[in-house]
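We will go from stop to stop, picking a few residues each time.

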Amino acid sequence: MFNKILVVCVGNICRSPSGEYLLKKLLPNKEVASAGVGALVGKPADSMAAEVAEVNDVSLEGHVAQQLTSELCLDYDLILVMEKGHIEAVTKIAPEARGKTMLFGQWVGQKDIPDPYRQSREAFVHAYSLIEEAAIAWVKKL
């Protein structure tokens, strides 16, 4: 049913690439991508995000940030956002995507996953651990 999953955050360099590449690893039979509602287009994954993912056996190598568009939303079956406020941001870009947009943390108490951008290593580790917990919960649901 949900064969194409789009993971969304703001800049598309920290949380959504981590979620994307972790889901790709956990769900090799699904197509997973990521984008940002205010993407730092063309940028690679944040170095600290990549480092924390690498420690957890996930490579963000080759990631390039892209802007969320209505076309991209149309192309995916499920859109997973990092914070409740991102649902509104996605809906502004693609109103028709509202029904297939859910929280990445939906199955772990509907948690928001805080943005670690330009924060400490601990902030990145905390965000990654929430992403991992939520990704495992999604794998069980899918």
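**Stop 1: the cavity**

Select Cys14, Arg15, Ser18, Ala49, Val52, Ala53, Pro116, Phe124, Ala127, Tyr128 and Ile131, and you have the lining of the largest cavity. A cavity here is a set of points, on a 1 Å grid over the protein atoms alone, where a 1.4 Å probe fits but cannot get out; lining residues have an atom within 4 Å of a point. This is a predicted model, in which local features need pLDDT of at least 70 and side-chain atom pairs count only at pLDDT 80 or more, while totals for chains, interfaces and linings use all residues. Residues are numbered from 1 along each chain as its sequence is written, and side-chain values use heavy atoms, with hydrogens and water left out.

How many cavities of 30 Å³ or more does the structure hold? There is one, and the volume of the largest cavity is about 60 Å³. Such a volume is the space filled by probe spheres set on the points, with grid points joined across faces, edges and corners.

Now colour by element. α1, α2 and α5 each give two or more residues to the lining, and α5 gives the most, with four residues. These labels are DSSP runs numbered from the N terminus: helices (H or I) have at least four residues and strands (E) at least two. By type, the lining divides into nine nonpolar residues, one polar and one charged. In this count Ala, Val, Leu, Ile, Met, Phe, Trp, Tyr, Cys and Pro are nonpolar, Asp, Glu, Lys and Arg are charged, and the others, Gly among them, are polar.

**Stop 2: two cysteines**

The structure holds zero disulfides. Cysteine 9 is buried at 3% relative accessible area, and cysteine 14 is buried at 6%. Buried means under 20% relative accessible area, exposed over 50%, and partly exposed in between (1.4 Å probe, protein chains only).

**Stop 3: the nonpolar cores**

Next, select Leu23, Phe104 and Ile113. In the largest nonpolar core, which has 32 residues, these three touch the most other members. A nonpolar core is a set of buried Ala, Val, Leu, Ile, Met, Phe, Trp, Tyr and Cys residues joined through side-chain atoms within 4.5 Å. Elements giving two or more residues to this core are β1 (4-9), α1 (15-26), α2 (47-55), β3 (78-81) and α5 (121-141). The largest share, nine residues, comes from α5.

Zoom in on isoleucine 113. Leaving aside neighbours within four places in sequence, its contacts (heavy atoms within 4.5 Å) are Arg15, Met82, Glu83, Phe104, Ala127, Leu130, Ile131 and Ala134.

**Stop 4: two positive phi angles**

Pick asparagine 12, in the loop between β1 and α1. Its phi is near 65°, a positive value in a residue other than glycine. Then pick aspartate 57, in the loop between α2 and α3, where phi is near 70°, again positive in a residue other than glycine.

**Stop 5**

Go to leucine 27, in the loop between α1 and β2 (31-36). Leucine 27 is buried, at 7%, and beyond four places in sequence it is in contact with Ile5, Val139 and Leu142.

Serine 70 belongs to helix α3 (residues 70-75) and is partly exposed, at 24%.

Finish at lysine 100, in the loop between α4 (84-93) and β4 (101-103). Not counting residues up to four places away, lysine 100 touches Cys73, Leu74, Tyr76, Asp77, Leu78 and Ile79.

How values were computed: A disulfide is a pair of cysteine sulfur atoms within 2.5 Å. On a 1 Å grid over the protein atoms alone, a cavity is a set of points where a 1.4 Å probe fits but cannot get out, and a pocket is an open set with protein on both sides within 12 Å along at least five of seven lines; lining residues have an atom within 4 Å of a point.
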